[in-house]
Amino acid sequence: MSDSTSENLLATNLVKNYELPTTQGMSWGQSFIINPNRPRFTRALIPLMKRDPRIRLGISIKKGPIIQNVKFKVEASSPRLTDWCTNQLESFRLNGMASALDSYWWGWSCHEIMYRKDFQGNWEYDRLERIDVSDAKLVHINGILKGMNVYRVLNPTVADKYTYVPIPKCLWTVHQKVEHKWFGLPAVYGAFEPWWETWCQKGF
């Protein structure tokens, strides 16, 4: 039993080994929410929801202010490094952030980060290559993200099955991380039942 008078109490994580049950929220790889009086919300239905212009508009409205209004503050050891980091973040905002925010749709999103060399021969951010969430498997050690295994690659590098993409080439974003550390909760989850009533034949 923890000593409530100990000066270390506030700095101690008392339940550091606790994990949410796999049925909490939308733990996609393990289960999905089932209610006998409601349709099942599964990952397979999200592409169908993407066909509804109202849902697409709603997601765009959520993405827009983040992309438009995000502010970066960089502190570095030199002005040159500060400028370099700021330029990388701005490039990401303009040509990567919208795709990274696809976690609104799925609860999480997966990308390979592509780099290029500038005119001085320094590596810099180039773009994101989107990976379908069904083709990426998270790799972590003791709860720390290390990368992802990507399947359906033309020439897989591991056991002729998949290609391992480590940090810093892997970008794994999560929406509503409080629901699940790695898979989150789709932003469209709350709209699913009314959408089903109006979009699908006979509703439910």
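Me: Which residues of α2 meet α6?
Reply: Pro53, Arg54 and Ile55 in α2 meet Trp195, Thr198 and Trp199 in α6; contact here means heavy atoms within 4.5 Å. By the way, this is a predicted model, where local features need pLDDT of at least 70, side-chain atom pairs count only at pLDDT 80 or more, and totals for chains, interfaces and linings use all residues. Residues are numbered from 1 along each chain as its sequence is written, and side-chain values use heavy atoms, leaving out hydrogens and water.

Me: And at what angle do α2 and α6 pack?
Reply: About 155°, with the axes 11 Å apart. That makes α2 roughly antiparallel to α6 (angles over 145 degrees count as such).

Me: OK, switching to α3. Which residues are buried there?
Reply: Thr82, Gln88 and Arg93, where buried means under 20% relative accessible area with a 1.4 Å probe, protein chains only. They cover an arc of only 140° around the axis, which puts them on the same side of α3. The arc is taken from the directions from the helix axis to the C-beta atoms.

Me: What's on the other side of α3?
Reply: Arg80 and Leu94, both exposed (over 50% relative accessible area).

Me: So what covers the buried residues of α3?
Reply: The cover includes α2 (53-69), α4 (97-100) and β2 (123-131).

Me: Last one: Ser103, buried or exposed?
Reply: Ser103 counts as buried, at 5% relative accessibility. Ser103 lies in helix α5, residues 103-106. Leaving aside residues up to four places away in sequence, Ser103 touches Trp108, Ser109, Thr173, Val174, His175 and Pro186.

Notes
Helix = DSSP H or I, 4+ residues; strand = E, 2+ residues; numbered from the N terminus. Axes fitted to C-alpha atoms, helices over the stretch in contact; angles between N-to-C directions. Parallel < 35°, antiparallel > 145°, perpendicular 65-115°, else oblique.
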